[in-house]
Amino acid sequence: MRYMVTYDLMESIRNTNQWLGATAKALASYPAMAMTPNPIVQWTGAWGEVTERSFERMVAKPDWGIPAFTCEDGRDHLVRVETVLEKPFGNLIHFRVLGRPEQPRKILLVAPMSGHYATLLRSTVKSLIVNCEVYVTDWHNARDIPVSCGKFDIEDYTLYLVDFLREMGPDTHLIAVCQPAPLALAATAYLAEEDPEAQPRTLTLIGGPIDPDATPTDVTDFGRRVTMGQLEETLIQRVGFKYKGVGRMVYPGLLQLASFMSMNADRHARAFRDQILRVARAEASDHDPHNRFYDEYLAVMDMTAEFYLSTVERIFKRREIAKNEFVVAGKPVDIGKIDSVAVKTVEGANDDISAPGQCVAALDLLTGLPTSKKASHVEPDAGHYGIFAGKSWRNNIRPLVLDFIDSNSGAPQRKAEAVA
């Protein structure tokens, strides 16, 4: 009961702050307040508007926001998000561009389950649907999954990827972003032994902690410092009565968000202060850069307790992937069995979450793969977010990834063009 009370308390604090913001905004917008020349009225209303929006978006799943796409024929084609395979903890979805011929490149983009929704990859998806058929792993918020659906840990996550790859077929190109990189590698190795025909044609690992100890960061230092008992006691809560997953043990998204914010507290504080001033001066808009970024950044989801704890213990502490000792459903997974899937790693030189060296460690584990099928790239001046979104991704990394896919798939060999 203590865990459930704590979870509901966090939701109450969030809800109260949203209400305070709405109240301040309403009071400041009251017509009679216009008679008061003191600028504190405008500042109060601006604070209320920013505060209400910030706390409201924390419990709402963002929309993909890709209603249409302009194709090479110059026409706008509707984009329909279709569920290909539905499972309790996550779906396989496809961004189908209506009226456009099927594209030769079929990409499965594995979204991280690290506190944010798969929509964090919205700009990545937009850049790829230009000339690819894009599929995405759309993970569900653990608070909305009934306890009767059972557990979900990193072994289950790996088996989900196996099922998704089997559903899509052998011509799939797998791209894993950040957290799922080790498990995407494990899923490919699992298929190499169990179902070789279902293996992806290529595997691209972007900024993932294959070997967290290769280059220590604040994230890996935290994993070593804190014991599993401390994590379970201080971070794990039980979903409250408000949601369908009542009673499920989770790592709350609000706690993860607090962790994210604390890593760059000064920068976030300045961003919100500046936004309040812009709103007070009537210089802000609904879709300005601040709102576009924080609408996504503040939208968080809960992870199942077993997934979070097994990730910390088995990926970061015991380094089972790095040591090639990972086990799925009682079966040891040998990464060295991968002998036909071309593998590329991508890292950012300024990545402070998965620092350079952590992801490229995957290539040393691929003892059965010819050197000609291995590739790596370090993007200069790019941080963690920049290696899968933004200018670095659009202009440099995306063309390299598509060239790598084409050269290992028999797809058209023309040079992949950057997306402006």
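This is a predicted model: local features need pLDDT of at least 70, side-chain atom pairs count only at pLDDT 80 or more; totals for chains, interfaces and linings use all residues.
User: Let us start with strand E6. Which residues does strand E6 span, and how many of them are buried?

Analyst: Strand E6 covers residues 172-177, and six of its six residues are buried.

User: Which residues lie on each side of E6?

Analyst: Thr 172, Leu 174 and Ala 176 are on one side, while His 173, Ile 175 and Val 177 are on the other. Both faces of E6 are covered.

User: In which sense do E4 and E6 pair?

Analyst: Strand E4, residues 106-110, pairs with E6 in the parallel sense, over five bridges. Within E6, Ile 175 has Leu 109 opposite.

User: And how many bridges join E6 to E7?

Analyst: Five bridges join E6 to strand E7 (residues 202-206), and these two strands run parallel. Here Ile 175 stands opposite Thr 204 in E7.

User: Which helix goes with E6 and E7 in the β-α-β unit, and what is its handedness?

Analyst: The helix is H5, residues 181-194. E6, H5 and E7 together make a right-handed β-α-β unit.

User: Where is Arg 201 found?

Analyst: Arg 201 is in the loop between H5 and E7.

User: Why does Arg 201 count as partly exposed?

Analyst: Its relative accessibility is 29%, so Arg 201 counts as partly exposed. The range for that class lies between the 20% limit for buried and the 50% limit for exposed.

User: Which side chain does the side chain of Arg 201 join in a polar contact?

Analyst: That of Asp 171, through a polar contact of 2.3 Å. Beyond its neighbours within four places in sequence, Arg 201 is in contact with several residues, including Thr 172, His 173, Ser 340, Val 341 and Asn 408.

User: How far apart are Arg 201 and Ile 405?

Analyst: They are 204 residues apart in sequence and 8.2 Å apart in space, C-alpha to C-alpha.

User: Changing topic to Lys 344: where is it, and what is the nearest side chain of opposite charge?

Analyst: Lys 344 is found in strand E13, residues 342-348. The nearest side chain of opposite charge is Asp 403, 8.7 Å away. Lys 344 is buried yet has no salt bridge.

User: Which residues is Lys 344 in contact with, leaving aside neighbours within four places in sequence?

Analyst: Among them are Leu 203, Thr 204 and Leu 205, together with His 377, Leu 400 and Phe 404.

User: Where does His 377 lie, and what does its side chain make a polar contact with?

Analyst: His 377 lies in strand E14, residues 374-379. Its side chain makes a polar contact of 2.7 Å with the side chain of Glu 379. Not counting residues up to four places away in sequence, His 377 touches Lys 344, Thr 345, Val 346, Glu 347, Ile 397 and Leu 400.

User: How far is His 377 from Glu 194?

Analyst: The two are 30 Å apart in space, C-alpha to C-alpha, and 183 residues apart in sequence.

User: What is the order of the three strands in the open sheet with E8?

Analyst: The order is E8-E9-E10, with antiparallel pairing. E8 and strand E10 (303-304) are the edge strands, each pairing on one side only. E8 and E9 are joined by two bridges, and Gln 237 stands opposite Val 250 in E9.

User: Arg 248 is in the loop between E8 and E9. Is Arg 248 buried or exposed?

Analyst: Arg 248 is buried, because its relative accessible area is 6%. Leaving aside neighbours within four places in sequence, its contacts include Phe 89, Cys 149, Gln 237, Thr 304 and Glu 306.

User: Finally, what is the phi of Ala 282, and what is that of Ala 329?

Analyst: Ala 282 has a positive phi of about 60 degrees although it is not a glycine. Ala 329, likewise not a glycine, has a positive phi of about 50 degrees.

User: Where are they located?

Analyst: Ala 282 is in the loop between helix H9 (265-280) and helix H10 (289-297). Ala 329 is in the loop between strand E11 (327-328) and strand E12 (331-332). Ala 282 counts as exposed because its relative accessibility is 68%, and Ala 329 counts as exposed at 57%.

Conventions. Residues are numbered from 1 along each chain as its sequence is written. Side-chain values use heavy atoms; hydrogens and water are left out. Buried means under 20% relative accessible area, exposed over 50%, partly exposed in between (1.4 Å probe, protein chains only). Helices (H or I, at least four residues) and strands (E, at least two) are DSSP runs, numbered from the N terminus. Two strands pair if DSSP finds at least two bridges between them. A crossover is right-handed if, with the strands pointing away from the viewer, the path from the first strand over the helix to the second runs clockwise. Lys and Arg count as positive and Asp and Glu as negative; His and the chain ends are not counted. A salt bridge is a side-chain nitrogen of Lys or Arg within 4 Å of a carboxyl oxygen of Asp or Glu. Contact means heavy atoms within 4.5 Å. A polar contact is a pair of N or O atoms within 3.5 Å; within protein, one must be able to donate a hydrogen and the other to accept it, and residues adjacent in sequence count only if both atoms are side-chain atoms.
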